[in-house]
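Welcome to a short tour of one protein model. Please keep the sequence and the 3D view side by side as you read.

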Amino acid sequence: MEIPTSGGVLFMPKLPTNSAKKRPSTVQMWLTKDKLWLIKTTHKLPEVKELAYPNPVPRAEAENILMGYSSNFRMSSTTISEQTIGMLNRGMSTVRPGMNGKLQITEGGVVFLQPNEY
């Protein structure tokens, strides 16, 4: 897995969601060259927690961390370029084909997918 310079990789498991909620809940992971965060989206604002950075960081390590939050899921990941991060920092909307939501960035620079409302 190649982590782009000044970019990162967003890991997103596909989780079953209670349809009584306004939007799907997610557990995601944002990985850069030197930082690792866990993101939970259950409401409009995400919960973000920085994790210890395992070195080296193989894809399997990120998947194992997320597996602790849901043992029955399919993992997907997407590489986020420096250009995309620049767009997010300028407040531009970023939608990718096949994703049910928009990429967003926190004030601390953590990229996450905010799922669309039902």
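## Terms and overview

Two strands are said to pair if DSSP finds at least two bridges between them. Helices (H or I, at least four residues) and strands (E, at least two) are themselves DSSP runs, numbered from the N terminus. This is a predicted model, in which local features need pLDDT of at least 70 and side-chain atom pairs count only at pLDDT 80 or more, while totals for chains, interfaces and linings use all residues. Residues are numbered from 1 along each chain as its sequence is written, and side-chain values use heavy atoms, with hydrogens and water left out.

The protein has 2 helices and 7 strands, arranged along the sequence as β-β-β-β-α-β-α-β-β. Of its 118 residues, 42% are buried; buried means under 20% relative accessible area, exposed means over 50%, and partly exposed lies in between (1.4 Å probe, protein chains only). A contact means heavy atoms within 4.5 Å. Among the contacts with a separation of 6 or more, 46% are between residues 24 or more positions apart.

Strands β6 (101–105) and β7 (111–115) run antiparallel and are joined by 5 bridges. Gly101 stands opposite Pro115 in β7. The hairpin has 5 residues between the strands, and one of its features is Gly109, with a positive phi near 90 degrees.

Thr106 sits in the loop between these two strands. Is Thr106 buried or exposed? Its relative accessible area is 19%, so Thr106 is buried. Not counting residues up to four places away in sequence, Thr106 touches Pro46, Val48 and Phe112.

## Val48 and its neighbours

Val48 belongs to strand β4 and is partly exposed, at a relative accessible area of 37%. Leaving aside neighbours within four places in sequence, Val48 is in contact with Trp37, Leu38, Ile39, Thr106 and Val110. Take Trp37 as an example: Val48 and Trp37 are 11 residues apart in sequence and 6.7 Å apart in space, C-alpha to C-alpha.

## A covered strand, β2

Now look at β2 (residues 26–31), where 6 of the 6 residues are buried. In a regular strand the side chains alternate between the two faces of the sheet. Both faces of β2 are covered, with Thr26, Gln28 and Trp30 buried on one side and Val27, Met29 and Leu31 buried on the other.

Which strand is joined to β2 by 6 bridges? The partner is β3 (residues 36–41), and the two run antiparallel. A hairpin of 4 residues connects β2 to β3, and within the pairing Gln28 stands opposite Ile39 in β3.

## Two salt bridges

The structure holds 2 salt bridges, each being a side-chain nitrogen of Lys or Arg within 4 Å of a carboxyl oxygen of Asp or Glu. In one of them, the side chains of Arg23 and Glu117 meet at 3.2 Å, N to O. This pair links distant parts of the chain, with Arg23 in the loop between β1 (8–14) and β2 and Glu117 in the segment after β7, 94 residues apart. Arg23 counts as buried at 11% relative accessibility, whereas Glu117 counts as partly exposed at 42%.

Lys35 and Glu50 also meet through their side chains in a salt bridge, at 3.5 Å, N to O. Lys35 lies in the loop between β2 and β3 and Glu50 in strand β4 (residues 47–50), 15 residues apart. Lys35 is partly exposed at 32%, and Glu50 is partly exposed at 44%.

## The second largest pocket

A pocket is found on a 1 Å grid over the protein atoms alone: it is an open set of points with protein on both sides within 12 Å along at least five of seven lines, and its lining residues have an atom within 4 Å of a point. The second largest pocket has a volume of about 210 Å³, where volume is the space filled by probe spheres set on grid points joined across faces, edges and corners.

Its lining includes Arg23, Lys44, Pro46, Phe112 and Glu117. Strands β6 and β7 each supply at least two residues of this lining.

## A backbone detail at Ser6

Most residues other than glycine have a negative phi, and most peptide bonds are trans. Ser6 is not a glycine, yet its phi is positive, about 60 degrees. Ser6 lies in the segment before β1 and is partly exposed, with a relative accessible area of 45%.

Key:
On a 1 Å grid over the protein atoms alone, a cavity is a set of points where a 1.4 Å probe fits but cannot get out, and a pocket is an open set with protein on both sides within 12 Å along at least five of seven lines; lining residues have an atom within 4 Å of a point.
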